[in-house]
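Colleague: I am new to this structure and would like to understand the grounds for the words used about it. Could you take me through them?

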Amino acid sequence: SNPHEPELLAEFSSRVYNASGPRTGSSDALQKVGASKSSAILTKSATLLPQTGNPLPRTYTSPTFSINSEGLPNKSIEYYIDGETIRESVGETGKPYFVSISGKSLEDNVEMMKLICKAPGVAGIELNLACPNVIGHPIIAYDMTQLRTVLKTVKSLKLSLPIGIKLPPYFDFIHYQQAAEIINEYNSTIDYIVTMNTVGNTLMLSPYSNEPVISPKGGYGGLSGPAVKPIALAQVRKFYSLLDSSIDIVGVGGVQSGQDVYDMVLCGAKMVQVGTCHWIEGANCFDRIVEEFEGILERKGVKDLEEIRGKLKDWS
Ligand code: RRO
């Protein structure tokens, strides 16, 4: 069964859950997500061993965008699959609990995927192939040879849990085509994609000093927030048109309102994640966004999301 299918979700309209990254590192933070109208709970990307991440300041936020180079701070895979963490995070909610992983190597990812499959209480795995911030490690899914190798390896593991891959944003049609062709080859292995990580290696300067706004990597960091919404819609729409229909699309990027969720669904998203807005507003954002989205559906008389999903119109 696929955890992104509607019957597994508590409410018809609650297609919204948290993105990996902001406020997802501790059971305390995950518990707040669980208590909100988020339809699922997703962890910070884990590594085999705990990491403290890059030097501070490593995040910057403004009304229109955010930049981060956190460098994968996390409490280790053991923490996120520990029974106590899961109990505390999921509580009585019964919501699906997803674990994101971003190992230092393919071998580390294999080890973590095997560990997750042995852990009770996990609904699925989000394999992050798009972290832009680990020094000396290029973005995996920009390298099509490496992407194919990763998917081939995942297939060989015959994992017992649903698996999604988190992709970087693509900007050229040929790159979408190349990525989609590879993912479609593994349509029996890959259950869903999460359309985009932050836009890698962007730079913003401080207006007060001759410095970048963040310290690691010479100031280069991943861009997120409202400014990336047009990039995010493009990812969802392109992959909706290119991927086999068995592969679900989880849209993410710049979502901060019910209208943003609606737009994502119109482009083809089955589920929608919220990252930067969750970071800024806290877990209450899920309640607000879900309520706004429900209001829009009610006004438009939409009874079933499949009436609108992917139905973006062409100019006639
Ligand atoms: O921790 C980070 O620096 C980070 C990760 Br792993 C990621 O996948 N995306 C991002 O923007 N930051």
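Modeller: What follows is a conversation about the terms applied to this predicted model.

Colleague: Why is Thr 276 called buried?

Modeller: A residue is buried if 20 or more other C-beta atoms lie within 10 Å of its own, and Thr 276 has 27 C-beta neighbours inside 10 Å, so Thr 276 counts as buried. Thr 276 has its place in helix α9, which covers residues 276-281.

Colleague: Which residues does Thr 276 touch, leaving aside those up to four places away in sequence?

Modeller: Thr 276 touches Pro 22, Ser 66, Ser 224 and Gly 225, where contact requires C-beta atoms within 7 Å. As for Asp 304, which is 28 residues apart from Thr 276 along the chain, the C-alpha atoms of the two are separated by 28 Å.

Colleague: What makes strand β11 a mostly covered strand?

Modeller: Strand β11 comprises residues 248-252, and five of its five residues are buried. In a regular strand the side chains alternate between the two faces of the sheet. In β11 both faces are covered, with Asp 248, Val 250 and Val 252 buried on one side and Ile 249 and Gly 251 buried on the other.

Colleague: What joins β11 to strand β8?

Modeller: Strand β8 (residues 192-194) is joined to β11 by three bridges, and the two run parallel, with Ile 193 standing opposite Ile 249 in β11.

Colleague: Which residues of helix α1 and helix α3 meet?

Modeller: Ser 27, Leu 30, Gln 31 and Gly 34 in α1 meet Thr 85, Glu 88, Ser 89 and Val 90 in α3. The residues of this contact divide into two nonpolar, five polar and one charged. The axes of α1 (residues 27-35) and α3 (residues 83-90) come within 7 Å and cross at roughly 35°.

Colleague: Which residues come nearest to the ligand?

Modeller: Of the 15 residues around the ligand, Glu 70, Cys 131, Asn 133, Thr 198 and Gly 222 come nearest, and the shell divides into three nonpolar, eleven polar and one charged.

Notes: Residues numbered from 1 in each chain as written. Predicted model: local features only at pLDDT ≥ 70, side-chain atom pairs only at ≥ 80, totals over all residues. Buried ≥ 20, exposed ≤ 12 C-beta atoms within 10 Å, placed from the backbone. Helix = DSSP H or I, 4+ residues; strand = E, 2+ residues; numbered from the N terminus. Pairing = 2+ DSSP bridges. Near = placed C-beta within 6 Å. Nonpolar A, V, L, I, M, F, W, Y, C, P; charged D, E, K, R; others polar. Axes fitted to C-alpha atoms, helices over the stretch in contact; angles between N-to-C directions. Contact = placed C-beta atoms within 7 Å.
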